[in-house]
Amino acid sequence: MSSAEIRPDDRKAADTLAALAELMERLGRCAGLDEVLTTSLESLDSLFHFRYSMFMMLDETGSSLYTIASHGYDRQGIGSEVLVGAGIIGAVASQQRPMRIGNLRHMIGYGRAIQESTDPGEVTTEIALPGLQTVASQLAAPAMVANRLLGVLAMESEQLGAFTAVDESLLAVVAHVVAGAIELNRVTGGTPAPSLATQPDHGAGSGEYARSASVATIRYFTTDGSTFVDGEYLIKGVAGRILWRLLNDYQEDGRTEFTNREVRLDRSLDLPAYRDNLESRLVLLQRRLDERQAPVRIRKTGRGKFCLESETALTLELMERHD
């Protein structure tokens, strides 16, 4: 059969296989988890034309997922959470199989309306999920390796019935490829990162904490690790505890350079021993600080190494609880 006689379906299948091969080659060149996540979502757009996507990582307890990367949205939603079993993404995590919904405007719209209706004067520790205001279709697949769930890869569209059964199968494959790249990065520890000048910018245009003041107040609550910058909620849990430890070392000893190993061995952080998600929590923290344009940032400087940077003087306040 000549190239002119190739059927359209065969050509489309060949193009899809070529795109998958390109995705795997791109992931093979990634230097760490941060780059794996960015490359995965950007490739869904550039190679497969899926414009809106997010990756949610399973937390250490296995009871919820948190957004560690998103692509195409005005709001990055880094750190937003979904309980396992709740909604489409939660159902994919609990059942560990892909799900495709072609008409969910009313269901998702209602959930997001509640999520975004918080009184401006009310203190909240909930982060809104990334998402489209006029979302109509959603497709999600479990990212698994060695029969273990790492997270959920999800896509959205403003069109009704936007995703097909072929798209569902494709995303299932991509999700497993991404899971393999994440696991390989965890096992090998990644490779040295590029210089700070070439680090990707994850949503640094939000301007949440842009200021001209010379001092920033960071308030930390011991009950759940909730951390606020000048009264605005930033992060909680493991990531919050890690940030507080780094900030105290910075204030007390002037330290700016740290290693993953020392953080992992710090018992005061109460890191879970049965599931090592330290790298993902550091990536989450880095992306959240960047998204909110916080006065303090963390940057990877090499294999298992990172630094803390501060734009202003910091005032640290330790609190017992918040209402």
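**Strand pairing and helix packing**

In strand 13, Glu-317 is the bridge partner of Arg-219. The structure is a predicted model, in which local features need pLDDT of at least 70, side-chain atom pairs count only at pLDDT 80 or more, and totals for chains, interfaces and linings use all residues. Residues are numbered from 1 along each chain as its sequence is written, and side-chain values use heavy atoms, with hydrogens and water left out.

Strands here (E, at least two residues), like helices (H or I, at least four), are DSSP runs numbered from the N terminus. Strand 7 (residues 215–221) and strand 13 (residues 313–319) run parallel and are joined by 7 bridges; two strands pair if DSSP finds at least two bridges between them. Strand 7 also pairs with strand 8 (residues 227–229), this time in the antiparallel sense and over 3 bridges. Here Tyr-220 stands opposite Thr-227 of strand 8. The hairpin of strand 7 and strand 8 has 5 residues between the strands, and Gly-225 takes a positive phi near 75° there.

Turning to the helices, helix 6 has 17 residues. From first C-alpha to last, helix 6 reaches 24 Å, close to the 24 Å expected at 1.5 Å a residue; the expected span is 1.5 Å times one less than the number of residues. Just after helix 6, Gly-254 takes a positive phi of about 70°.

Helix 6 (residues 237–253) and helix 8 (residues 278–291) have axes that come within 9 Å and cross at roughly 75°. Axes are lines fitted to C-alpha atoms, for helices over the stretch in contact, and angles run from 0 to 180 degrees between N-to-C directions. Helix 6 and helix 8 are therefore roughly perpendicular (65 to 115 degrees). In their contact (heavy atoms within 4.5 Å), Val-238, Ala-239, Ile-242 and Leu-243 of helix 6 meet residues of helix 8 including Leu-278, Arg-281 and Leu-282.

The contact of helix 2 with helix 8 has 3 nonpolar, 3 polar and 3 charged residues.

Notes:
Angles under 35 degrees count as roughly parallel, over 145 as roughly antiparallel, 65 to 115 as roughly perpendicular and the rest as oblique. Ala, Val, Leu, Ile, Met, Phe, Trp, Tyr, Cys and Pro count as nonpolar, Asp, Glu, Lys and Arg as charged, and the others, Gly among them, as polar.
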